[in-house]
Amino acid sequence: LPWIEKAAAQDQPTAVAQLGSVYCDGKGVTPSCRRGREYYARAIELGDSMAVENMQTLTESIQTTLIDKRVEIHGASRADMNGKRGVATDFHWYEGGKGKWRYTVKL
């Protein structure tokens with residue numbers, strides 16, 4: 001892992017993508033889809049074609065994991081929404097701000 005981190009720090013695309021996989025799979029680190037997505041996004045920016053496929057696979061697995069499940073809202077721009085619960089009904093790309101994936105939650 002230290003060698004991959006060093007190579008990734010130097011913007012080596014394959015190493016950045018490998019870090020994405022490490023975090024998604026939790027190999028030697030605490031699993032984090034969020035961090036995995038961040039590394040995949042960076043690897044895509046750097047031109048790694050496999051990172052595109054990995055990002056698509058991760059996105060599909062996240063999407064199907066929570067759809068129609070009860071969720072609790074965190075990180076909403078409206079503070080009054082944080083902590084509320086509902087059912088995830090959709091997963092989509094939101095162009096506002098920096099652009100990111102978001103769930104639509106029916107309260």
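This is a predicted model: local features need pLDDT of at least 70, side-chain atom pairs count only at pLDDT 80 or more; totals for chains, interfaces and linings use all residues.

Trainee: Which rings form the pair, and how are their planes arranged?

Mentor: The pair consists of Tyr23 and Tyr39, with ring centres 5.7 Å apart. Their planes lie at 20°, and planes under 30 degrees apart count as stacked, so this pair is stacked.

Trainee: Where in the chain do Tyr23 and Tyr39 sit?

Mentor: Tyr23 belongs to helix α2 (residues 13-25) and Tyr39 to helix α3. The two are 16 residues apart, and the pair thus links distant parts of the chain.

Trainee: Is Tyr23 buried or exposed?

Mentor: Tyr23 counts as buried, because its relative accessibility is 10% and the limit for buried is under 20%.

Trainee: And what is the relative accessible area of Tyr39?

Mentor: For Tyr39 the value is 22%, so this residue is partly exposed.

Trainee: Turning to helix packing, at what angle do α3 and α4 pack?

Mentor: Helix α3 (residues 33-45) and helix α4 (residues 49-66) pack at about 150°, and their axes are 9 Å apart. Angles over 145 count as roughly antiparallel, which means that α3 has this relation to α4. Their crossing is left-handed.

Trainee: Which residues make the contact?

Mentor: From α3, they are Cys33, Gly36, Arg37, Tyr40, Ala41, Ala43 and Ile44. From α4, they are Ala51, Val52, Asn54, Met55, Leu58, Thr59 and Ile62.

Trainee: How many of those are nonpolar, polar and charged?

Mentor: The contact of α3 with α4 has 10 nonpolar, 3 polar and 1 charged residues.

Terms used
Residues are numbered from 1 along each chain as its sequence is written. Side-chain values use heavy atoms; hydrogens and water are left out. Axes are lines fitted to C-alpha atoms, for helices over the stretch in contact, and angles run from 0 to 180 degrees between N-to-C directions. Helices (H or I, at least four residues) and strands (E, at least two) are DSSP runs, numbered from the N terminus. Angles under 35 degrees count as roughly parallel, over 145 as roughly antiparallel, 65 to 115 as roughly perpendicular and the rest as oblique. A crossing is left-handed if the near helix is turned anticlockwise from the far one by less than a right angle, and right-handed if clockwise. Contact means heavy atoms within 4.5 Å. Ala, Val, Leu, Ile, Met, Phe, Trp, Tyr, Cys and Pro count as nonpolar, Asp, Glu, Lys and Arg as charged, and the others, Gly among them, as polar. Rings of Phe, Tyr and Trp (its six-membered ring) pair if their centres lie within 6.5 Å; planes under 30 degrees apart count as stacked, over 60 as edge-to-face and the rest as tilted. Buried means under 20% relative accessible area, exposed over 50%, partly exposed in between (1.4 Å probe, protein chains only).
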